[in-house]
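The following exercises are to be worked through with the sequence and the coordinates at hand. Each task is followed by a stepwise solution.

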Amino acid sequence: MTCKQAEQIANLINARNGLLPHVTTEDVFKNQTEYLFRSIEITGEIYACVRIKKLSWYLAAHLAVAKTHQNQGNAADLLEQCIAVAKDQGARLLSCTVKAENSISKRLFLSKGFMYVNSFVNEITGNRLNVYHKDLNG
Ligand SMILES: CC(C)(COP(=O)(O)OP(=O)(O)OC[C@H]1O[C@@H](n2cnc3c(N)ncnc32)[C@H](O)[C@@H]1OP(=O)(O)O)[C@@H](O)C(=O)NCCC(=O)NCCS
């Protein structure tokens, strides 16, 4: 990953996911091995990304698709890829958090076999987040 790609990914996540604190280019670059992304072949512009975050378990984070490339199956494909990579790395559980009002994302994760676990309120943003788990055994 180049610095320019890291910057594009940080910009995409910050524009689409509204995380606080914002994701920085430096953070993306430092954790570059954890990112999957898609770019336009000719221009190199990145339009979709996801981070496979390794904690003591695996977290699918920062899933973002540019408005220009929405509703074309990019997130569904990236999520499939994310599940395959996590499995390859020996993960048994992949989790994610989704804002409670984000019905598109909730439906997407459920359709990929994630199960609702619980919800909590992020004290910084005030957002209610739903937690989903996918069992990768078998
Ligand atoms: C949520 C998001 C990642 C989906 O990306 P995407 O590439 O458009 O999704 P896909 O094309 O793979 O579609 C996945 C499902 O969502 C549906 N969908 C996608 N965009 C939609 C829209 N604008 N309105 C209604 N349904 C939509 C698709 O029809 C598909 O459902 P189906 O499998 O039942 O047909 C994207 O909208 C996004 O980046 N949103 C802002 C950031 C965000 O919410 N990230 C998720 C954090 S958990």
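## Exercises on the sheet, the fold and the ligand shell

**Exercise 1.** Determine which residue stands opposite Ser39, and place the strands concerned within the sheet.

*Solution.* 
Step 1. In this predicted model, Ser39 faces Ile46, a residue of β2.
Step 2. The strands β1 and β2 (residues 46–54) run antiparallel and are joined by 5 bridges.
Step 3. The sheet is open and has 6 strands with mixed pairing, in the order β1-β2-β3-β4-β6-β5.
Step 4. Because β1 (35–39) and β5 (115–121) each have a single partner strand, they stand at the edges, and one side of each is left without a neighbour in the sheet.
Step 5. On average, neighbouring strands of this sheet are turned by 25° against each other, direction ignored.

**Exercise 2.** Identify the strands across which α1 and α3 lie, and state the angle of each helix to β2.

*Solution.* 
Step 1. α1 lies across β1, β2 and β3, and runs at about 90° to β2.
Step 2. α3 lies across β1, β2, β3, β4 and β6 (128–135), and its angle to β2 is about 30°.

**Exercise 3.** Classify Ala91 as buried, partly exposed or exposed, and describe its surroundings.

*Solution.* 
Step 1. Ala91 belongs to the loop between α3 and β4 (93–99).
Step 2. A buried residue needs 20 or more other C-beta atoms within 10 Å; Ala91 has 19 such neighbours and therefore counts as partly exposed.
Step 3. Leaving aside residues up to four places away in sequence, Ala91 touches Tyr58, Ala86 and Leu136.
Step 4. Asn137 is 46 residues from Ala91 in sequence, with a C-alpha to C-alpha distance of 8.4 Å.

**Exercise 4.** Characterise the shell around the ligand.

*Solution.* 
Step 1. The ligand is surrounded by 18 residues, the closest being Val65, Gln70, Asn74, Ala75 and Ala76.
Step 2. Two or more shell residues come from each of α1 (3–17), β3 (58–65), α3 (74–88) and α4 (103–111).
Step 3. The largest contribution, 4 residues, is that of α4.
Step 4. By type, the shell comprises 8 nonpolar, 9 polar and 1 charged.

Notes:
Residues are numbered from 1 along each chain as its sequence is written. This is a predicted model: local features need pLDDT of at least 70, side-chain atom pairs count only at pLDDT 80 or more; totals for chains, interfaces and linings use all residues. A residue is near a molecule or strand if its C-beta atom, placed from the backbone, lies within 6 Å of it. Ala, Val, Leu, Ile, Met, Phe, Trp, Tyr, Cys and Pro count as nonpolar, Asp, Glu, Lys and Arg as charged, and the others, Gly among them, as polar. A residue is buried if 20 or more other C-beta atoms lie within 10 Å of its own, exposed if 12 or fewer, and partly exposed in between; C-beta atoms are placed from the backbone. Two residues are in contact if their C-beta atoms, placed from the backbone, lie within 7 Å. Two strands pair if DSSP finds at least two bridges between them. Axes are lines fitted to C-alpha atoms, for helices over the stretch in contact, and angles run from 0 to 180 degrees between N-to-C directions.
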